[in-house]
Amino acid sequence: MLDTQQPLPLLATRDFVLFPKMVAPVFAGRDRSVRALEHAYQGGGMLIMALQSASAGDEPEADDIARVATLAKVVQFVRLTDGSVKALVEGQSRVVVEGFDQLFPSFMVRYRLLKGKRPRHHSHLRALVDAVNREFAAYVMSSLDLPEEAETALDAVTNPDQVADVVASYLMISVDRKQELLEGEDVQARLLRLLEIVIQENEFLDIEQDISQRVHENMSRHQRQAFLRERLRILREELGEEEEELGEQAAYAKMLREKNLPLQTAGALEKEIRRLAELQPFSAEIAVAKTYLDQALGLPWGMLSGAGEPDVSAVSRILDETHYGLRDVKDRIVEYLAVTKLRGGAPPNTTLCFVGPPGVGKTSVAMAIAKGLGRPLQRISLGGVRDEAEIRGHRRTYVGAMPGRIIDAIKRAGVDDPVIVLDEIDKMTTDWRGDPAAALMEVLDPVQNHAFRDTYLELDYDLSKILFLATANYEEDIPETLHDRLEVLRLPGYTDREKEEISRRYLIPRIVGDDGLSEVGDVIGPTALRAIVRCYTREAGVRELARAIEKIYRKLAREKLEGRALPHRLTPRTLEKYLGSPVFLRARLEREPQVGVSVGLAYTGAGGDVLRIECVVAPGKGDFHITGQLGEIMQESITAAWGYLKTAIVRDALLNAVWNTSVGRAYLAEGLGNDESLVGEQVEIEERSPFEEPDQPGGASCRTQSDHDLLNALEIRVHIPEGGVPKEGPSAGIAVAVALLSALTFFPVAPHTALSGEITLTGQVLPVGGLKEKLLAALREGVKTVILPEEVRAHVAELPAELKRGLQFVYVNSFSEVLPHVLLAENKEEE
C-alpha cells in the first residue's frame, strides 16, 4: 500500500505530459531532474511527474509547476556517459501536489490522489465512453504516426477515467491541451472535453488527407505527362524524325522568329524560352517565366504606325478644326513638328509641355496632334505617382512584378512611334521609394532613351521615335529635374467671347449629337448663351460650361419623350427653367469707397480671380495678425509690405495724417493710455493727401521716437476672405500695402480698382505673371482700373484687344506712384 503521507521526489517536464497506464522513456539532463530520478529509483521507484510552465527556464520555481500531476514508477534507470540519465517510467494515477517540502537538490512534494467523480446517470457516462471509443478508432485509422498497439489500447479498458487517460496519451496535440485533459475531477466533463478534441483532430486529418490526395493526383498527372513526352521524344529519335518543339515553347519560339529583334535581345529571350522548357511541370517558376515572355514578346519591337514623316499641314488643319483660338500654341506645335520632319522623324531635344488651368484643352490638343500625325495616342496619368518603379518597372524577384508605365503604354499602342501624353506631370511626389521625376529624365532625354532599360524586362528598348507630350496645371510645381527638358506652352483661360464661340462651334453640336437631338439643333440664343457664360459658370476653361449645356439638353430630351412642346429659342428669362437661379449674380467688388479694403488680382490653377483684402487697426500692443489660409510666399509678401510701410511712416510722417483724424486720435490715445504727449509736439497740419510730402518744418515733429510708440500702440489684422481656399504667391503685395495704408490713415480706397504686383522692402514694384487670366477676372468682376508693374507693359500690349476693352491701365515702378490712383484725397472720417 502506497503511503501518501510520505513526500516523493518531483520531476518537472517541459514538453511531455505523462498519463496513468502510460509507459514512456524519459531523458533527464538537469541536475535536479537527475537527482529526482536517482532518489526515486533508490527509494522504491515512485516519483511525481509534473509539467512546468512554458515561460520557466532550466531552473523552474515552485510556482512554475502544475498542481495536477501523475504518480509514476521508475521501471528502468540507466546513467549515460555524458552524465545524463535515461529512465523508463509508468504512470500510476493522477495526483494533486499539495506542497513543497524541499526545493534543492531536488523537488520533494506532498500529494494526494485525485479520484474522478462519477455522475448519477451511468447511462450518460456509457454513451460518452462509446462515443470516445468510436472517434478514437477513426483517429487511429486516419493517423499514420501512431504505433500499432494504439489499435488495441482500449480493448481491455472499461473504467471511464482510464479511457480518458489512455485516449489522451495517444493524441498528438499540444502539451497545454494534454495538461487540460489531465486535470479535472468530474469524469463526465473530462470525457466531453476529450470527445470535442478528438472530433476536431479527426476533421483536421480529413482535410489533410484531402489536400494530400489532390497534390498526389496533380503530381501524378504531371509526372505521367513528362514520362509520355520523354517516350515520344525517344520514339521520334528511333524513327529518325527531327524533334519538333511542342506546346507553349513552340509558340514562344515562333513569336520570337517573327519579331525583328536586336541580336542581344533575341539571345536573351531564347535563353528564357530554353529555361522555360527545362522547368519541372509543377514548378512555381513556370508562371513567372510565361508572364515575362508574354510581356517581352507582346511589345512591337520596331513596328511603326505607317504614318511616315509628320504631315505638318494636316496637324495644323485638325488643330484649327478642333480648337478655337490658341494661335501662339498652334504655331509653336506646327514649328515643333516641322523640325521633327526635317530630323527624319526624330523629335527635337525638348518635350512640349502644355500648362494651364483645368478645362482649357491641354489633353484635347494632344489628341488632335496624334490624329493629325496618324499615330495612336496613349495617356499616362502621373498624378500621385511617388514610386520610380511605376516608370521603370519592378524587378522580377517581386511577387506580381510588371513592367513600368512607359513599356505598358507602348504595348497597348502596338507600335514604336505612338504619341504618349504624360498627364499631370506637376502632381508627382517623392518618398523613400525613389523619385519618379528622375526616372522620367531617362525617358525624355534623347541621348539616353534610344536604349531605355526597364527594370522588369532588363532589355534595351528604343524610345527615340515616340512623341512625348506633357501637361500640367502649375508650372512652379513641375520638378526642377524635368523642367529643363520641357518647353512650356501656356494655355491661358478663355474670354467670354471665346467661350461663346467654342460653345457654338464645338460644344453644342457635340452635345446635340450625343443626346440624339439632332432634329432639335441649337436652341440656345446668343443672349442666353452669354448669360450661361457669365451667370452660371466662373472658370478659365469650358468644362462647367459644357455641363450647363448638357443639363439643358437632358431636360429637352425628357420634354421631347413626354410629348411636350420644345422651345424654339432659349432666352435669359427661360434659362432658369432649365438651370435654376443664376449662381453668380453680382460682382464681389464694393461700389463705394471703403477704408482698409483693396482688391488684388490672383492667378490660380482654375484661372484668374480677384482677392478682397481687408485690414483693420485697433488699440493694442503692436501685434500684427495675418489670416485667410495663406501660403508661405504670400505671408512673406504681406510681411514685406508692412515692413516697407513702417519705414515709410517714420520717414514721411504718415502718422501725422493718422493723428489729424478724430477716429485716429481716439484709437491712438486709447492705445497709449490717453497720453497724448507721446505723439510729440502738437502741430497744425493742413489737409492734404497722405502721399503728399509735408511742406512745413513743423511736420517733422512726428519724425521722432514717438512714431515707434504709436505703432506699438496699434494692433493690425490683415484678412483675405474665403478662408477655406488656399492662397499663394507674391502678386498681392501692393494691394496689401494699399489696404494697410488706408486702414492707418482712414483714407478710403478708390472703388473698381484692382492691383497686382510684388512689393519689396524699398517700395519697388516687381513684375508678375498670369496677366491674361487676371484681366479676365477683372473684366468679370467689373474692375475699371488695373494697376500693374511697368515691366509688364509689353506683355499687356500683346494680349487680345477684347481683354483690354473697358479697362484703364496704370503702370508703376514704385509704391509711391500707386497712391495717387487708389487713395482718395477726401477723408471720410473728417467729413
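Start by selecting histidine 323 and threonine 322: their side chains are joined by a polar contact of 2.8 Å (a pair of N or O atoms within 3.5 Å; within protein, one must be able to donate a hydrogen and the other to accept it, and residues adjacent in sequence count only if both atoms are side-chain atoms). This is a predicted model, in which local features need pLDDT of at least 70 and side-chain atom pairs count only at pLDDT 80 or more, while totals for chains, interfaces and linings use all residues. Residues are numbered from 1 along each chain as its sequence is written, and side-chain values use heavy atoms, with hydrogens and water left out.

Stay with histidine 323, in the loop between helix H9 (312-322) and helix H10 (327-342); helices (H or I, at least four residues) and strands (E, at least two) are DSSP runs, numbered from the N terminus. Is histidine 323 buried or exposed? Histidine 323 counts as buried because its relative accessibility is 8%, and the cut-offs are under 20% relative accessible area for buried, over 50% for exposed and in between for partly exposed (1.4 Å probe, protein chains only). Leaving aside neighbours within four places in sequence, show its contacts (heavy atoms within 4.5 Å): Lys330, Gly361, Ser364, Val365, Ala368 and Tyr506.

Next, select Ile333, Ile524 and Tyr553, which touch the most other members of the largest nonpolar core, a set of 56 residues. Such a core consists of buried Ala, Val, Leu, Ile, Met, Phe, Trp, Tyr and Cys residues joined through side-chain atoms within 4.5 Å. Colour helix H18 (residues 543-561) too, as the largest share of this core, seven residues, comes from there. Beyond four places in sequence, tyrosine 553 has contacts that include Ile508, Val512, Leu517 and Ile524.

Now move to serine 814, in the loop between strand S22 (808-812) and helix H28 (819-822). Serine 814 is buried, with a relative accessible area of 14%. Its side chain makes a polar contact of 3.0 Å with that of serine 816. Leaving aside neighbours within four places, look also for Gly763, Gln764 and Val765, in contact with serine 814.

For a last stop, pick valine 215 in helix H5 (residues 187-239). Valine 215 is partly exposed, at 43% relative accessible area.
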